[in-house]
Amino acid sequence: MLNQFARTELLLGEEGLKALAAKRVAVFGIGGVGGYTVEALARSGVGAIDIIDNDKISLTNINRQIYATHKTLGRYKVDVAAERIAEINPDCKVTAHRTFYLPDAQDGFDFSEYDYIVDAIDTVTGKLSIIENAQKCGTPVISCMGAGNKLDPTAFKVADIYETSVCPLAKVMRRELKKRGVKRLKVVYSKEEPVICSAEDTDGDLPRCCVPGSVAFVPSVAGLIVAGEVIKDLIGGGKGGNE
């Protein structure tokens, strides 16, 4: 019988689709990277998705974020995402958290409830907290490194955090994770050297060097790569990069 996942079933099989329908994935941060991750998870048939983000959609999000349009300006990203997921896959259970995730918010989440966790936030302290909490619960986690100030979508790689190079954020994360005894972590990172932006004012408030530049075709690719890794691990019984 024809269904919306018929073309997916040709590749993943009936058992693969059933496995995905039974899974719950948490995506922390649904901006340029995380938004495309959520989109792909919903279109792949994941049964439950938690989306965690406290940002509202702004004009400067429109150039790269899948939920950002002139119609959605000023709305919470998680609210727009929940509506879109319902239109894509009505059977997917969505739990939206209007939360800016930092370590002091960790008590509001039971990391053991998830089958997989995606870290797509920008703050180092938040990323470390997500990874440590996932590790304590034995929940697979994948983390996206820096996608700002990049122009080459083909430069993204999937690797263990300790095998990364070039990316400034990955360098900081390697150091901090080593201090915390985290031995492994699957990440998506770019081997492209960051583009040095002009120091001219963006809108009269902040110099360009303080605001990462971004384009439509880089964070979206990172987000889709992340989603692909999640799907492969979920149907293959993988444990991500934090075994």
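**Entry 1: salt bridges**

I began by searching the whole structure for salt bridges, and the search finds 17. I count a salt bridge when a side-chain nitrogen of Lys or Arg is within 4 Å of a carboxyl oxygen of Asp or Glu. A note on the source: this is a predicted model, so local features need pLDDT of at least 70 and side-chain atom pairs count only at pLDDT 80 or more, while totals for chains, interfaces and linings use all residues. Residues are numbered from 1 along each chain as its sequence is written, and side-chain values use heavy atoms, with hydrogens and water left out.

I looked up Arg-98 and Asp-79 next, whose side chains meet in a salt bridge at 2.5 Å, N to O. Arg-98 lies in the loop between strand 3 and strand 4 (116–119) and Asp-79 in helix 3, so this pair ties together parts that are 19 residues apart in sequence. Helices (H or I, at least four residues) and strands (E, at least two) are DSSP runs, numbered from the N terminus.

**Entry 2: Lys-186 and its partners**

I then turned to Lys-186, whose side chain meets that of Glu-229 in a salt bridge (3.0 Å, N to O). Glu-229 lies in helix 6 and Lys-186 in strand 7, so the pair ties together parts that are 43 residues apart in sequence. Both Glu-229 and Lys-186 are buried.

Asp-233 also forms a salt bridge with Lys-186, and the closest N and O atoms are 3.0 Å apart. Here Asp-233 in helix 6 and Lys-186 in strand 7 are 47 residues apart, so to speak a link between distant parts of the chain. Asp-233 counts as buried at 11% relative accessibility, and Lys-186 is buried with a relative accessible area of 14%.

One more item for this page: salt bridges that share partners join Glu-132, Arg-175, Glu-176, Lys-179 and Arg-180 into one network.

**Entry 3: helix 3**

Helix 3 covers residues 77–88, twelve in number, and reaches 16 Å from its first C-alpha to its last. That is close to the 16 Å expected at 1.5 Å a residue, where the expected span is 1.5 Å times one less than the number of residues.

Which residues of helix 3 are buried? I noted Lys-77, Val-78, Val-80, Ala-81, Ile-85 and Ile-88. Seen down the axis of helix 3, these buried residues fall within an arc of 155°, so they line one face of the helix. The arc is that of the directions from the helix axis to the C-beta atoms. Helix 2 (34–44), strand 2 (48–52) and strand 3 (93–97) are among what covers them.

**Entry 4: helix 4**

Next came helix 4: its 14 residues should span 20 Å at 1.5 Å a residue, and its end C-alpha atoms are 20 Å apart, which agrees. The buried residues here are Gly-126, Lys-127, Leu-128, Ser-129, Ile-130, Ile-131, Asn-133 and Ala-134. They pack against strand 1 (24–28), strand 4, strand 5 (141–144) and helix 5 (168–179).

I picked out Ser-129, which sits in helix 4 (residues 124–137) and is buried at a relative accessible area of 5%. What does Ser-129 touch? Leaving aside residues up to four places away in sequence, Ser-129 touches Tyr-101, Pro-103 and Gln-106; contact means heavy atoms within 4.5 Å.

**Entry 5: positive phi**

After helix 4 comes Gly-138, with a positive phi near 75°. Most residues other than glycine have a negative phi. Asn-149 is in the loop between strand 5 and strand 6 (156–160). Val-166 has a positive phi as well, near 75°. Val-166 lies in the loop between strand 6 and helix 5 and is partly exposed, with a relative accessible area of 34%.

Note on methods
Buried < 20%, exposed > 50% of the residue type's maximum accessible area, 1.4 Å probe, protein only.
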